[in-house]
Structure formats: structure tokens, C-alpha cells
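Please walk me through this structure.

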Amino acid sequence: MIKAIAFTLLLLSQLPDYHPELLPNPLEDIEIKAEINRSAEGYFIFSYEIYNPPKNNGRIWSIDIDVKKGEGESELNRGLELGVRCHKYGTEDVIASETVVPVGMDSPPNWSCGVGTSKIAGWGAYDYPYHLLPGQSLSGFVITSYGLPGIRDIIVEPLIVDTVYPEVDEEEVKMEELIRLMKADREKVSFKGKTLGPTAPPADFKPLEFLNYIISMKHEASTLGWITNKGIEMSLDAKLEAAKKKLEEYP
């Protein structure tokens with residue numbers, strides 16, 4: 001705590017015109033509806049709708065979903081044929097990489113989209129009239145991929161107006177502190193949650209290990225409140241346990 005206070009005082013001494021009172025409140029209770037369909041060609045279509053509750057005072061301008069590949073996951077070097085476009089650019093925005101699940105993307109009108117170097121599939125609305133205001137919902141956020149559906153991290157950011165931060169010269173210390181402060185503010189006011197998104201299966205596929213992974217996802221989905229019907233949950237448990245026993249019979 002003492003270190004945090006000292007660091008804050010250092011920032012304020014470096015940046016005396018900083019106005020944290022202009023920051024929006026941290027986003028709360030953002031609702032993310034995810035729907036998955038499969039095309040005739042075999043790839044998955046992940047469609048998202050985002051709702052910004054009236055309790056928030058921040059306007060949403062950025063949405064990011066994690067699409068990185070973990071160690072030991074397969075290449076999945078397919079995706080260029082998906083033909084999904086970002087409206088703003090009017091071109092295919094598909095990334096095939098050793099570290100990212102290849103995806104296609106589409107966005108609502110006046111939003112842009114793309115896969116960034118931080119291994120996220122993201123959407124952004126840079127023009128003020130198209131932000132997602134409190135009390136509004138917006139659909140049209142789409143990811144397409146041959147990657148299997150799994151549970152992914154999602155980050156939703158509100159707009160932080162420029163007047164929060166001072167104008168600084170190119171002095172290295174001040175610029176460094178400003179960038180650090182802006183990053184800390186984004187962390188503080190953003191909403192972090194879970195949703196469905198594409199994942200890469202293991203390169204060395206072992207049926208029993210993969211089934212255990214599916215079972216762990218079912219438990220996580222239950223913890224997140226995505227499965228609300230106890231009967232359905234019990235039915236899933238029974239089917240998964242039966243499948244596990246069959247696999248264990250054939251090591």
C-alpha cells in the first residue's frame with residue numbers, strides 16, 4: 001500500500017494537470033450474448049451482442065476477445081477462404097499466425113475490427129456518435145474460424161476523454177509516466193469477463209486428456225452461471241462421465 005501511494009504521488013508530481021475526476025466509472029455488469037453456428041463449409045460463426053447497462057456512465061468504444069494459441073496447440077492454418085470483411089476497411093481481415101487462432105471478422109456499421117499484435121480480436125468505434133451508450137445494446141460483432149468453441153477472455157473499454165490527461169513535452173520521464181498512467185486508468189475502468197470464442201485443439205491429440213478439458217469447461221460454464229438448468233447440467237455430467245469411462249477402457 002505504501003509503495004502504491006508513493007508511486008501515485010510520483011505520477012502526480014510528474015503530471016500536475018492530470019484530472020482523474022473526469023474518468024468514467026468502472027464498467028459493471030456488461031452483458032455479452034454469444035451465439036455459435038456452423039457453416040456448410042465447416043467453420044464456426046461466433047456472433048456477439050453487447051449490452052451497456054444504464055447504471056454505467058461510460059460509453060463503450062472498444063471490445064477485445066483473446067484469440068491467442070497456447071503452447072502445444074495445433075496450427076489451424078486455414079481461414080483465408082472465410083471471406084468475412086470489416087466494414088470500415090472493406091477488405092478481408094484475416095490473421096494466420098503461429099501464435100494466433102486464424103479468424104475472419106466482421107463489425108457493426110461504423111466500427112472497425114482486426115487482430116492486433118497483443119493476440120486479440122478487437123472492434124473499435126473511433127467516431128463519437130457510434131459509441132455504445134449506457135442503456136443501449138449492439139450486435140453485429142462476428143468472428144469466423146475453424147477453431148473449436150471454447151471459453152475466452154473478453155475486455156470491454158469505455159471512452160476516456162483526452163481532457164483527463166495533460167499535454168506533455170517529449171521529455172522522456174514525463175512521457176513514460178503518462179503512458180503508464182493511461183494504461184493503469186484503462187485497467188481500472190474496463191470490464192473483464194468471459195465469453196465463447198475460437199480455440200485451437202492440441203497438436204498431439206489424446207482423447208482422454210481432451211475430454212477432461214471439455215469437462216473442465218463444463219464446470220467453468222456452470223460457475224459462470226451459463227448453465228442455469230440443473231436437469232441439463234446433470235444430463236451433461238452423466239454423458240461426459242459415461243464417455244470418460246469408455247475412453248478409460250481403451251488406454
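Y48, W111, W123 and F141 are linked into a cluster by ring pairs. Rings of Phe, Tyr and Trp (its six-membered ring) count as a pair if their centres lie within 6.5 Å, with planes under 30 degrees apart called stacked, over 60 edge-to-face and the rest tilted. The count by this rule is 9 aromatic pairs. One of them joins W123 and F141 edge-to-face, at 5.4 Å centre to centre and 75° between the planes. W123 belongs to strand β6 (residues 120–124) and F141 to strand β7 (residues 136–145), so this pair ties together parts 18 residues apart in sequence. Helices (H or I, at least four residues) and strands (E, at least two) are DSSP runs, numbered from the N terminus. Both W123 and F141 are buried; buried means under 20% relative accessible area, exposed over 50%, and partly exposed in between (1.4 Å probe, protein chains only).

The model is predicted: local features need pLDDT of at least 70, side-chain atom pairs count only at pLDDT 80 or more, and totals for chains, interfaces and linings use all residues. Residues are numbered from 1 along each chain as its sequence is written, and side-chain values use heavy atoms, leaving out hydrogens and water.

Helix α3 covers residues 207–223. Its buried residues are F210, L211, I215, M217, K218 and A221. Just after α3, G225 has a positive phi of about 85°.

Methods:
The expected span of a helix is 1.5 Å times one less than its number of residues.
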